[in-house]
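Please keep the sequence and the three-dimensional view at hand while reading.

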Amino acid sequence: MSDTQATPEALTLDVRNMLCPMPVIKTGERVATLAPGDELSILATDPGTLHDVPAWCRVHGHTVLATTQEGRNITVRIRVEAP
Amino acid sequence: MKHPKKAVALISGGLDSLLAAKVVMDQGVHVEGLNFFTGFCVEGHTHAIRTTRTASRQSSPRNNALWVAEQLGIKLHILDVIDDYKDVVLNPKHGYGKNLNPCVDCKVFMVNRAQTWGFMQDGGFDFVITGEVLGQRPKSQIREKLGIIAKDSGVQDRLLRPLSAKHLDPTLPEREGWVDREQLYDFHGRNRKPQIALAESLGFEDWAQPAGGCCFLADPEYSNRLGDMWRARNKREYGLDDIMLLKVGRHLRPSPNFKLLIGREEGENQYLEGYKQQFTHLRITSHKGPLSLLDGKATPDELQLAARIVARYSQGKMDATVDVSIHHPDGVSEALTVAPMPPQKIEKHWHV
Ligand code: SF4
């Protein structure tokens, strides 16, 4: 069960300026507090995030909805799936 | 219905831990992987920092532990243990290896953490798997040390090393029949051929080949820098920023008072930009050149010396003078025009 009352669009994780594997670690910690169906936008600057967060989602069965990159800024949007 | 037994596998991203997990999974055990981020890991950060160097060393900046988990089709949990790991690095009960690598204590820590983590999960986990191979590392993987790791971690005979199991006493999972000892292995020593043959027979074609060790503490240059930092501060301690910065740039200590950290390429300069508010930093203004941080306190004469050294690593190194601006953390800046130091004047022992 989610311990947050937030709407899906309000769920954002800011890991800008963190280097891998911290974005993945923080993503894992945050997802552990969310419920299936929640969507989380991960804001990052380390290009490794583009590989690692999708890989982490694949091994944990979550869905990557979109990845975008504008200059240094990377956003990976994921949907939490049931374990 | 009988529930399958569950094992936590330490996954470093290298071949041995991949194989160890795989052979146990193939016996019907539910395996999940655990990977620890200590701050000293070779992976991850270095990819991000060293843009051009990385490109020549490794074709893709993948996280090898995650990649292994994908190959195996298992979950991988990456844990941040930076703070708790400090005691391992600063006070290793079993001492260091060749460099500042506290391998025995490190394994004790990780195996213990794996068990604790397993206990905390729904339904718990029954045992822990590592890819250790008897005799592969002269100091940490001899028989006596493998025994110490099992004992000091508190995991005892719930610690299974599938690649060398036949050389070791039967563990609980083997005695209870959770895994069939006959289907485990008798690898021993430094020869990697048996692992490579096993990998091929299991259909793996690609794996990471960590050279020397799984972390920077096993690297002589890095250990030397860490030791130098402790000596300069007169205190054995570190924070994440400290140990990250030891991975980046050229480090020169021309005086006991300060050390210069000079970016070697664009990726490193970019990375150092993130720290410039915390340090006195030097920029070359007349030519292209690196960003440099000054760690410590320099006298005016020493600032002059620092500027000359930094100028030597700029594109103006052959010119008569180079302009350098020095920015202090309190916001005060000064500009110097200096003669770049000739290479032969840069003392060898300054390099750390
Ligand atoms: S090389 Fe580093 S990570 Fe590997 S066992 Fe030794 S201390 Fe631990």
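## Salt bridges across the structure

Over all chains, the structure holds 20 salt bridges. The model is a predicted one, and the values quoted in this report are therefore computed from its atoms. In chain A, Arg77(A) forms a salt bridge with Glu39(A), and the closest N and O atoms of this pair are 2.9 Å apart. The two partners come from distant parts of the chain, since Arg77(A) belongs to strand 4 (residues 73–79) of chain A and Glu39(A) to strand 2 (residues 39–44) of chain A, 38 residues apart. Arg77(A) is partly exposed, with a relative accessible area of 32%, and Glu39(A), at 24% relative accessibility, also counts as partly exposed. A further salt bridge in chain A joins the side chains of Glu81(A) and Arg79(A), with 3.0 Å from N to O; Glu81(A) is partly exposed at 22% relative accessibility, and Arg79(A) is partly exposed with a relative accessible area of 29%.

In chain B, the side chains of Lys5(B) and Asp126(B) meet in a salt bridge with 3.9 Å from N to O. Lys5(B) lies in the segment before strand 1 (6–10) of chain B, while Asp126(B) lies in the loop between helix 6 (103–120) and strand 4 (127–129) of chain B, so the pair ties together parts that are 121 residues apart in sequence. Lys5(B) is partly exposed, with a relative accessible area of 28%, whereas Asp126(B) is buried, with a relative accessible area of 18%. Salt bridges that share partners also join Glu273(B), Lys276(B) and Arg283(B) into one network.

## The two chains

Chain A has 2 helices and 4 strands, and these follow the pattern β-α-β-α-β-β when read along the sequence. Of its 83 residues, 45% count as buried. Among the contacts in chain A with a separation of 6 or more, 67% come from residues 24 or more positions apart.

Chain B contains 13 helices and 11 strands, and its C-alpha atoms fill a box of roughly 80 × 40 × 35 Å, taken along the principal axes. Buried residues make up 54% of the 352 residues in chain B.

## Where chain A meets chain B

In the interface, 15 residues of chain A are in contact with 21 residues of chain B. The area buried between chain A and chain B is about 1500 Å², and carbon and sulfur atoms give 68% of that area. On the side of chain A, Leu19(A), Val59(A) and His60(A) lose the most area to chain B, together 34% of what that side buries.

Between chain A and chain B the count is 1 salt bridge, and Glu70(B) forms a salt bridge with Arg58(A), the closest N and O atoms being 2.5 Å apart. Helix 1 (22–31) and helix 2 (48–60) of chain A each supply at least two residues of the side of chain A that touches chain B, and helix 2 gives the most, with 7 residues. By class, the residues of this side divide into 10 nonpolar, 2 polar and 3 charged.

## Helix 4 of chain B

Helix 4 (residues 64–72) of chain B is mostly covered, with 7 of its 9 residues buried; among them are Trp67(B), Val68(B) and Leu72(B). The cover over the buried residues of this helix includes helix 1 and helix 2 of chain A, together with helix 1 (15–25), strand 2 (30–37) and strand 3 (76–80) of chain B.

## The ligand and its surroundings

Which residues of chain B surround the ligand? They are Tyr85(B), Pro102(B), Cys103(B), Cys106(B), Cys214(B) and Cys215(B). By class, this shell has 6 nonpolar, no polar and no charged residues.

Technical notes: Residues are numbered from 1 along each chain as its sequence is written. Chains are lettered from A and ligands numbered from 1 in the order in which they are written. This is a predicted model: local features need pLDDT of at least 70, side-chain atom pairs count only at pLDDT 80 or more; totals for chains, interfaces and linings use all residues. Side-chain values use heavy atoms; hydrogens and water are left out. Contact means heavy atoms within 4.5 Å. Buried area is the accessible area (1.4 Å probe) that two parts lose on being put together, summed over both. A salt bridge is a side-chain nitrogen of Lys or Arg within 4 Å of a carboxyl oxygen of Asp or Glu. Ala, Val, Leu, Ile, Met, Phe, Trp, Tyr, Cys and Pro count as nonpolar, Asp, Glu, Lys and Arg as charged, and the others, Gly among them, as polar. A residue is near a molecule or strand if one of its heavy atoms lies within 4 Å of it. Buried means under 20% relative accessible area, exposed over 50%, partly exposed in between (1.4 Å probe, protein chains only).
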